[in-house]
Structures are given as C-alpha cells and as structure tokens.
Amino acid sequence: MWAKSALLFALLTASTFSAPADAQQREHVRQAHQGWVQPVQYRGGGGSVQCTRPVGDAIAEVAARAGGGSIVGRARCLEQGGRPIYEIRWRMPDNQLRDFYVSGS
C-alpha cells in the first residue's frame, strides 16, 4: 500500500515540475511565430501602404503584358516584401480571370 502512495506522490511531483517548462516553451514558440503569421502591413504603426506610381501606368503595363483584355474591378495597393505593389484583376482575351502584380513605385 505504501508503494502505491509513494508512486502516486512521485508522479504528481514530476508532473507539477514539468508543466511550467512546457507552458514556457509554448509561449516562446508562439512569440517566435507571431511575426511570421502577421502580414507586414498589419504590424504596429497602423499606417497604410502608399503606391506612388499612377494607377493608369500600372494598368497600361498589365495590358501590354496580357496582350489585350480589360480590368475587372479596381487596382488595389498592397505591400509585399516591404515594397508597394498593385494587385490588378484582369479579364484575358479568352475570358479567363488572372491577377497581375505590378510595382507601385
């Protein structure tokens, strides 16, 4: 009987000492991955992306690349790799939709 009590006590003691280390490790991993999960434009500061290139120039570049077609909706200014880019949805001459990404600066 005393062996069961000693074994139970040892298991409970071991589990109380190992739990905080696991919790600390999970917190460390969560903090390390936090920067990978959030897109750059949403980190602190709250500033919006500024595309300095006229949108008409970006649309003309897409039209030249696509060989015809038309824009669907409007161009969106995004940030990718720390640089502003335009995302332009384009209807190709064969009626397929494609997304083009053009420099915004």
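First, a term I need: I call two residues in contact when they have heavy atoms within 4.5 Å.

**Ground rules.** This is a predicted model, where local features need pLDDT of at least 70 and side-chain atom pairs count only at pLDDT 80 or more, while totals for chains, interfaces and linings use all residues. Residues are numbered from 1 along each chain as its sequence is written, and side-chain values use heavy atoms, with hydrogens and water left out.

**Overall layout.** I looked up the helices (DSSP runs of H or I, at least four residues) and strands (DSSP runs of E, at least two), both numbered from the N terminus. The protein has two helices and four strands, and along the sequence they come as α-α-β-β-β-β. I then checked burial: buried means under 20% relative accessible area, exposed over 50%, and partly exposed in between, using a 1.4 Å probe and protein chains only. Of the 105 residues, 15% are buried. Among contacts with a separation of 6 or more, 41% are between residues 24 or more positions apart.

**Arg53.** I found Arg53 in the loop between α1 (2-37) and α2 (55-66). Is Arg53 buried or exposed? Arg53 is buried, because its relative accessible area is 18%. Leaving out neighbours within four places in sequence, Arg53 is in contact with Ala58, Glu61, Tyr86, Val102, Ser103, Gly104 and Ser105.

**The core.** A nonpolar core is a set of buried Ala, Val, Leu, Ile, Met, Phe, Trp, Tyr and Cys residues joined through side-chain atoms within 4.5 Å. The largest one here has 11 residues, including Cys51, Val62, Tyr86 and Trp90. The elements giving two or more residues to this core are α2, β3 (83-91) and β4 (97-103). I picked Val62 to follow up: not counting residues up to four places away, Val62 touches Ile88, Trp90, Phe100 and Val102.

**The disulfide.** I searched for disulfides (pairs of cysteine sulfur atoms within 2.5 Å). The whole structure has one, and this disulfide joins Cys51 to Cys77, with S to S at 1.8 Å. Cys51 sits in the loop between α1 and α2, Cys77 in strand β2 (residues 76-80), and the two are 26 residues apart. The torsion about the S-S bond is about 90°, so the disulfide is right-handed. Cys51 counts as buried at 18% relative accessibility, whereas Cys77 is partly exposed at 27%.

**Ser70.** My last stop was Ser70, found in strand β1 (residues 70-71). Ser70 is partly exposed, since its relative accessible area is 36%. Its C-alpha atom is 5.8 Å from that of Trp90, 20 residues apart along the chain.
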